[in-house]
Amino acid sequence: MLVQLAWRAVLQDDDGHPGRGRHVAWVGRAAWPMPDHLVRGLRGPVTAMFGAARVPSWPDARLHDRSILVDVPAHDDGARLWAIEQAARCPGVCAVVADGRGLSMPATRRLQLAAAGTLLLSMRGPERRAGERRTVPSACATRWWVTPAAGVREVPWLRAMHALAGRIAPEPAWSVRLERAKGLGIDPDACPEAVATEWWRTEGVPDAPARVHHAHVRRAARAESLRRARAS
Amino acid sequence: MHARAEPWFAAIVPVRPVPGPAALRRMAERCLKWTPRVHAEHGDGGAGDWPLILLDLRGCLPVHGGAPRLHERIARAFARRGIEHACCMDACAGAAVARATAHAMDMVASGAPGAPAPRPAPVTALRVPLDRLAIESLRIGADACAALREVNVRTVGELRAIGRAALADRFGPAVGMRLDQASGARAWDFVPVPHPDPPRAAFEFASPCACPEATALAVRRAIDDLCAALAARNRGVRAIAVRMERAGLPAVRGTVHLGVPTRDAAHLWAVLRPRVERVHLGHHELGQGIERIALVATRTGRVPDGTGVLVPGAGPAGTGARGIRAAPGAHGPADGARRALGELVDQLVARLGDGAVRRPAT
């Protein structure tokens, strides 16, 4: 999800400011992505064999080439906050993906002020969910709850196909739900839960294509029926 | 004729593009990393008048792992900058120059302009007898070459067969001198390229000072002087060597590497400040303290020059500069973004330590 959003930031930056080449900063080891996830279209040749459209410019390594990884001491929240703030203030950075675990309300407020004009994505972590998510305030504009969704791992024959494919990783999928939108005029309760697949990252689009979405629905239904069959 | 087969000299003749005097001087200064004695001669690339860089390698070969390895390094360094060149190593400077010049002439005769650079010749190549080289390889001038070819003198061997007195009467002492230099009977007129004097600045205290505020002020003043020296040369610093001499204590020294060439005093201070604050200044009661602070720009780089352009938020990273303002030394938005990113990396490294900022693995 974070890689997909970083891709969106890079593409929007290229559209809005051609040739500027602003970077994406990943602050904190917990926020570091896998290097091959930063290249889109790596699966292009394989998906093209199954009828997917092939983009001549892929593989596209723009995000890989324009990413810097910042390592901060795990126990030093002050240094992490400082690094996130410096990256958010830097005019040469278009997006900051940060490990935001353990940041207090004043800290997030400070980051929100620093991130004017820069996309700042802060990971809260699952430990913040254990019964205290309502009690840990945050100044972030939006808060999203991302959980793993039923994917190909649940479907035996798809899992076998991916195993046969060797190095090609299975497509992960996430369930995304908007929890809070401050000052945006959006009612979180009115927003349905969306499903994001790996395809998003591959395509670099904000929404999953309809056929991909339908395929995912079918996979999820099949996985659910398998679970029921096992349970019975 | 030559007492030893150890190659003591390396002659480099840039073929394409033919460098001007300034470019040749820069090339020669870059060659100072291989040997402290480098000689450069400018030429227009015509017959017998090629630009030349001559390296005196005596005593330097063991450092570089031998002549073949050094030859490879030279070839790589020139090829990386897109310079086609001929290089030859020999025990005699004149012979090395003659062979390299002959090789350059062969490259021009055989290769079309714009063709990919040929593979570097091994050290043992160009070992043809000196007498079989063309007379142009002796660098005796186009007029003398034309006159000699009129009388059917085409090779060095044929030229050597002519009496020295006759050559001196017809062409002056230059042709005989080149022949002697090629055979090793006479040394090459070696004029060493002076070592570049790096921009530097220093601040000296009247007495040992252990006050942190005064030390910080002194460092800032030294940074200002260093930036002024860099501005005079239109360069930016890539690496600063800092030396703090302390009374009664050993000197503190270190080198700070920067992400992008810069001469922004505020940014340099932001980078140096955490390091300076960590230095133990000593105890004033014991007569200890800082005596001298010296900054040397050991590596410099090009800084885009010209009229500043309006760049949104092009101020130093971390200063919170927003809005529209003139970005000194920035040519365009890409330069401003690159400069800001370099300053961000410098600041992160200054506080979090070396290796805190990385690129994704390939």
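This is a predicted model: local features need pLDDT of at least 70, side-chain atom pairs count only at pLDDT 80 or more; totals for chains, interfaces and linings use all residues.

Biologist: Is B:Gln181 buried or exposed?

Modeller: Buried means under 20% relative accessible area. B:Gln181 has 1% relative accessibility, so it counts as buried.

Biologist: Which side chain makes a polar contact with the side chain of B:Gln181?

Modeller: That of B:Arg178, at 2.9 Å. Setting aside neighbours within four places in sequence, B:Gln181 also has contacts that include B:Cys92, B:Gly94, B:Trp188 and B:Asp189.

Biologist: What about the backbone? Which peptide bond is cis?

Modeller: Look at the one from B:Arg16 to B:Pro17, where omega is near -10 degrees. B:Pro17 sits in the loop between β1 (9-16) and α1 (21-30) of chain B.

Biologist: And where is B:Arg139, with its positive phi?

Modeller: In the loop between α3 (93-110) and α4 (142-150) of chain B. Its phi is about 60 degrees, although B:Arg139 is not a glycine. The relative accessible area of B:Arg139 is 7%, so this residue is buried.

Biologist: How does B:Asn234 read?

Modeller: B:Asn234 is not a glycine either, and has a positive phi of about 55 degrees. You'll find B:Asn234 in the loop between α8 (212-233) and β6 (235-247) of chain B. With a relative accessible area of 30%, B:Asn234 is partly exposed.

Biologist: How many helices and strands does chain A have?

Modeller: Chain A has 8 helices and 7 strands, and 44% of its 232 residues count as buried.

Notes: Residues are numbered from 1 along each chain as its sequence is written. Chains are lettered from A and ligands numbered from 1 in the order in which they are written. Side-chain values use heavy atoms; hydrogens and water are left out. Buried means under 20% relative accessible area, exposed over 50%, partly exposed in between (1.4 Å probe, protein chains only). A polar contact is a pair of N or O atoms within 3.5 Å; within protein, one must be able to donate a hydrogen and the other to accept it, and residues adjacent in sequence count only if both atoms are side-chain atoms. Contact means heavy atoms within 4.5 Å. Helices (H or I, at least four residues) and strands (E, at least two) are DSSP runs, numbered from the N terminus.
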